[in-house]
Amino acid sequence: MIDIITSILLFLGLFFFLGGSIGIIRFPDFYSRLHPAGKLDSMGVLLSLCALALYTVKSLTMGNFLTAAKIIFIVSFVFITSPTATHAIIDAGMRAGLKHWNKNNNQDKKEEKP
Amino acid sequence: MTEKTKKASPARSNGLQKWPRLSYLITFVIMCGVWVLLSGRFDAFHLGFGIISCMTASYFTGKLLIPSTRLSSIVHTWFNFIIYIPWLLYQVLVANLHMMYLVFHPRMMDLIDPRIITIKSRMRSDMALVTFANSITLTPGTITVFANELGDISVHVIDAHSGDALPGEMEERIAGLFGE
């Protein structure tokens with residue numbers, strides 16, 4: 001039973017990681033690429049590490065419980081650091097003066113018009 | 001740094017502090033918990049080293065982790081924070097499903113409309129603003145670009161209606177959390 005739940009959670013986590021990777025490729029500019037990179041990765045980490053923690057406590061001993069608690073610790077640290085790192089990157093882009101992409105000054109559409 | 005915190009603390013707590021050592025004690029207890037969790041050994045040798053190093057570390061960092069020394073406000077903040085976490089996780093789930101929808105949509109370029117909006121928060125304390133900025137980054141289609149201590153926050157939103165909910169409910173919850 002726990003094996004099935006673990007597999008489902010792992011596959012969902014990998015699906016979120018896949019979405020994050022595809023999003024980084026598909027989105028148009030620096031700032032919007034950070035949206036999938038920052039969010040989908042933290043969700044993937046949450047799901048896959050929860051699966052690992054659940055698999056660890058399948059046979060409940062003290063050592064296994066401590067290992068699962070450490071894994072949950074890792075999740076909470078990722079949830080603090082991931083938005084902070086995303087903010088640091090986007091702030092660096094702003095300070096360097098990079099303009100963000102929007103629909104009105106889209107280069108491709110201007111070329112298509114005439 | 002330490003001189004500054006020592007000077008600032010009596011003014012901040014306004015003479016209301018009953019037990020000045022309480023923040024050191026709470027830091028010590030939390031550190032001991034983390035030590036036991038990470039070492040996983042319960043013999044006298046490891047526990048003794050843990051207690052010595054926790055006392056040293058809490059002596060240096062006690063005022064940093066918990067600046068307030070009033071027991072009621074500490075309990076209030078931590079209790080509300082535990083209530084806040086499930087709501088935040090639900091918001092993160094909604095954010096991720098929305099982002100997955102955008103990533104796998106064939107006409108993704110028509111759906112997104114990135115822009116930068118500025119909001120004004122009425123919160124002033126460091127921890128409240130940091131929590132607010134990180135929560136904005138975790139929730140639907142928004143990333144915090146800039147924040148200062150006056151409560152001005154710039155947010156990069158991925159499509160037109162992602163920023164409608166800001167500041168809204170999240171600010172209410174965080175303001176209640178830190179008692180502002």
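## Before you start

This is a predicted model, where local features need pLDDT of at least 70 and side-chain atom pairs count only at pLDDT 80 or more, while totals for chains, interfaces and linings use all residues. Residues are numbered from 1 along each chain as its sequence is written, and chains are lettered from A and ligands numbered from 1 in the order written.

## Chain B

Chain B has seven helices and three strands. Here helices (H or I, at least four residues) and strands (E, at least two) are DSSP runs, numbered from the N terminus. The order from that end is α-α-α-α-α-β-α-β-β-α.

Of the 180 residues in chain B, 26% are buried, meaning 20 or more other C-beta atoms lie within 10 Å of the residue's own, with C-beta atoms placed from the backbone.

## Where the chains touch

Chain B brings 28 residues to the contact and chain A brings 30; two residues are in contact if their C-beta atoms, placed from the backbone, lie within 7 Å. On the chain B side, helix 4 of chain B supplies the largest share, seven residues.

The largest nonpolar core holds 37 residues, and Leu47(A), Cys50(A) and Phe132(B) have the most contacts inside it. Such a core is a set of buried Ala, Val, Leu, Ile, Met, Phe, Trp, Tyr and Cys residues joined through C-beta atoms within 7 Å. Helix 2 of chain A gives the most to this core, 10 residues.

What does Phe132(B) contact, leaving aside its neighbours within four places in sequence? Its partners are Ser121(B), Met123(B), Glu171(B) and Ile174(B).

Terms used: Buried ≥ 20, exposed ≤ 12 C-beta atoms within 10 Å, placed from the backbone.
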